[in-house]
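Subject: Structure handover

Hello,

Here is the structure I promised you. Please open it and keep it beside this email as you read.

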Amino acid sequence: MSSEQTFDAGLVEQTKQQIRTLVSEITQLSKSDIPLEEFYTQFLQRVITAIAATGGVIWTFNDGGGLALQCQINLRETGLGTDKEKMAEHSRLLYHALKHPEGMIVAPYSSSEEENGTMGNPTGSLVLLVPLLTEVELVGLVEIFQRPDSPANTQKGYLRFLLQMAELAIEFIRGEQLRHLADRQLLWNQIEEFSRTIHESLDPRQTAYTIANEGRRLIGCDRVSVAIRYGSRCRIEAVSGQDLFDKRSNTVRLLNKLATAVVSVEEPLWYTGDTTNLAPQVEKLVDEYVDESHSKAVVVIPLIPPMREEDKEDYKKRQDNQKRPLGALIVEQIENSAIQNRLRQRVEIVQKHGCVALENALDHNSLFLMPLWRTIGRWGWVVKARTLPKTVLVLLVLLALLVGLFVFPYKFEVESEGRLMPVLRHEIFATMDGDVSEVLVHHGDVVQGPIYKEGVKLDDKGRPIQVNLGEGDEMRVIDPNAIIRQYGTKLVTLRNIDLRTQIVKLNGDINRTRQELAAIEQMLSQERTLTQEDRIRQQGRCAELERLLEAYQAERFLLRIKQRNLDVYAPCDGMVITFDVREKLTNRPVQRGQVLMEVANPEGDWEVELFMPEKRIGLIREAQERFAETYPDGLPVTYILASQPEKKLKGTIKEIHKTAEVRGEKGCTVLIKVAIDKNDIQPNIGATVSGKVYCGVKPIGYVWFYDLIAFVQQKILFRWL
């Protein structure tokens, strides 16, 4: 007997210790921050284990206000899961237990009649019911299924234990509610900050940038972009975390196309890796963009502004009942493809608030002449009481200056760039095609003009009438002006292999003809060996050979004229002004008429060449006609040399070319030659000159803004009037 008592006491103590451990675990569980669903499951397991129950259920309220099963253990073993009538009877018991915060013990197979049906426990288990009630609301109900054969005192002990555990559960629920309220308060603070920030600016691009950056912070995603619709296409205007981005990059271009496609169908896109339910055009663009950007989840939401009361009347007349999208909000997850409910809710918040802010910004900037009105509003302080006198004074001064621009006369001069050059200068041309074999002068060498060499006979007027080119070739010059041989300092020697080959071949023909002619003449000198008929035939052949020889000699004369033209001589006295002439010409092939170098006479007169832009030459010609009597020698010109900028010099126009030419960076210009006094300058060939041509007197405003006036007349008035 004593051994049984000892065994029972030890078992009881062990059971108590186990219950204490479970209670301690439930206490620690109530102070943890695990999710509510997980807490309910672990709480129910430990309560059932502590009182050795057969099963249990925790009921919570759903969105409709009815009880819903949160978690359960061995509910099917009670028979409630399959029988609808038993479940209805049991449901009435549950709602009745909610009215008893002290808890209920319901015997097995007990029931009672009520107005709306039978209420009771249709199971064979003892049912313990305890509501989960906080200070604010009724959260749910704990139901425990226990063995029915326990004594009444034990059943009351089970109920007291369940009430104590329910207090721990309520403590956890209070903490969970506080955390939920704290998270909600934080969310509201974030939403308030987001809403306030995106409405600070009325500039569409700045608003889009704020939506992208603040929206990413609120949503908690990897990247947010904002696209604005222009016509039928969308264009990315802002990307979170980037002040500037390359709008021509492949990623941005593909995102533009994707946003345009989604906005055109006005349906949101939630991509998490599966494209089976997408439209074909959207599916292709999504695949291309994901391959380029490597995003795991992509959300594209059209920004469709809400309908306002004042807009409803206008839209009643239309077929559509909503406004057209303003653009799109693009949300991306790069590492995680899962889209949780929290992210969906916050994306909708950003979409709603951002859409309103962007609509306001676009409406504001669509007003006519908005930049002008904004500027006027920004300068509104100038008409306030304190600043009004100063404003009036400034306006009067500006008005006086404006009137002065149209009233006060001023000297009108047209300016252009030019160069200083000698009057007497010649460009040396290649007289034949060939290769430059020798250049005999350097830059700066003094050369002599034309003289006639020995072998040239002149008439009484000094013109060549007969030229001896050597080797017995003498020919009268039929046209003295056609073939004139002038000699001066030799500048360049050319080489023409083809011409030399022709002369050698022609010399051979001449020699053969002479030999044949000599043989015939010798034959004719022997009178006895020839018959009369042969003599006549040979005399005819001799006359033919003489004519052929004369033609060969004439052709050789012309070829030697060409050969003499391979030597290029100076056409006048002067100096070689082409720089690096030997380096530029030696061993170079040249063509007839190609400029080889330039020779000028610095000892003679000098002139200024102005390259006047074509658009200003009309002013100069008009001034020439108007001041023809005042300045018979030509319009006065004021110029300065780049080497003497402090000294203003005078000159007069002596010639204006009739045609315009394109001269490199100067564009289309007309050459104006200006006569100057050589004693006023320090001669330097090609020196840069800035010149002004006097064109009369004009209002000072016209003088200052002539280029602007000409631009308006040419580009605006001419096109529209």
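Below is what turned up, starting with the aromatic rings. Keep in mind that this is a predicted model.

Aromatic rings

A search of the whole structure finds nine aromatic pairs. One of them joins F39 and F172, and it is stacked. The ring centres are 3.9 Å apart, with 15° between the planes. F39 belongs to helix α2 (residues 36–50), while F172 belongs to helix α4 (residues 152–198). The pair therefore ties together parts that are 133 residues apart in sequence. Both F39 and F172 are buried. Ring pairs also link F39 and F172 with Y40 and F43, giving a cluster.

Charges over rings

Two spots are worth a look here. R235 has its charged end over the ring of Y230, 4.2 Å from the centre of that ring. K698 lies over the face of Y702, and the distance to the ring centre is 5.6 Å.

A threonine in a loop

Next, go to T578. You will find T578 in the loop between β22 (574–576) and α14 (581–585). Is T578 buried or exposed? Its relative accessible area is 16%. The cut-off for buried is under 20%, so T578 counts as buried. Which residues does T578 touch, leaving aside its neighbours within four places in sequence? They are H443, K584, M597 and E598. E598 comes up again: its backbone nitrogen lies 2.8 Å from a polar atom of the T578 side chain.

Best wishes

Technical notes. Residues numbered from 1 in each chain as written. Predicted model: local features only at pLDDT ≥ 70, side-chain atom pairs only at ≥ 80, totals over all residues. Heavy atoms only, no water. Helix = DSSP H or I, 4+ residues; strand = E, 2+ residues; numbered from the N terminus. Buried < 20%, exposed > 50% of the residue type's maximum accessible area, 1.4 Å probe, protein only. Polar contact = N/O pair within 3.5 Å; in protein donor to acceptor, adjacent residues only side chain to side chain. Contact = heavy atoms within 4.5 Å. Phe/Tyr/Trp six-rings, centres within 6.5 Å; stacked < 30°, edge-to-face > 60°. Lys NZ or Arg CZ within 6 Å of the ring centre and 35° of its normal.
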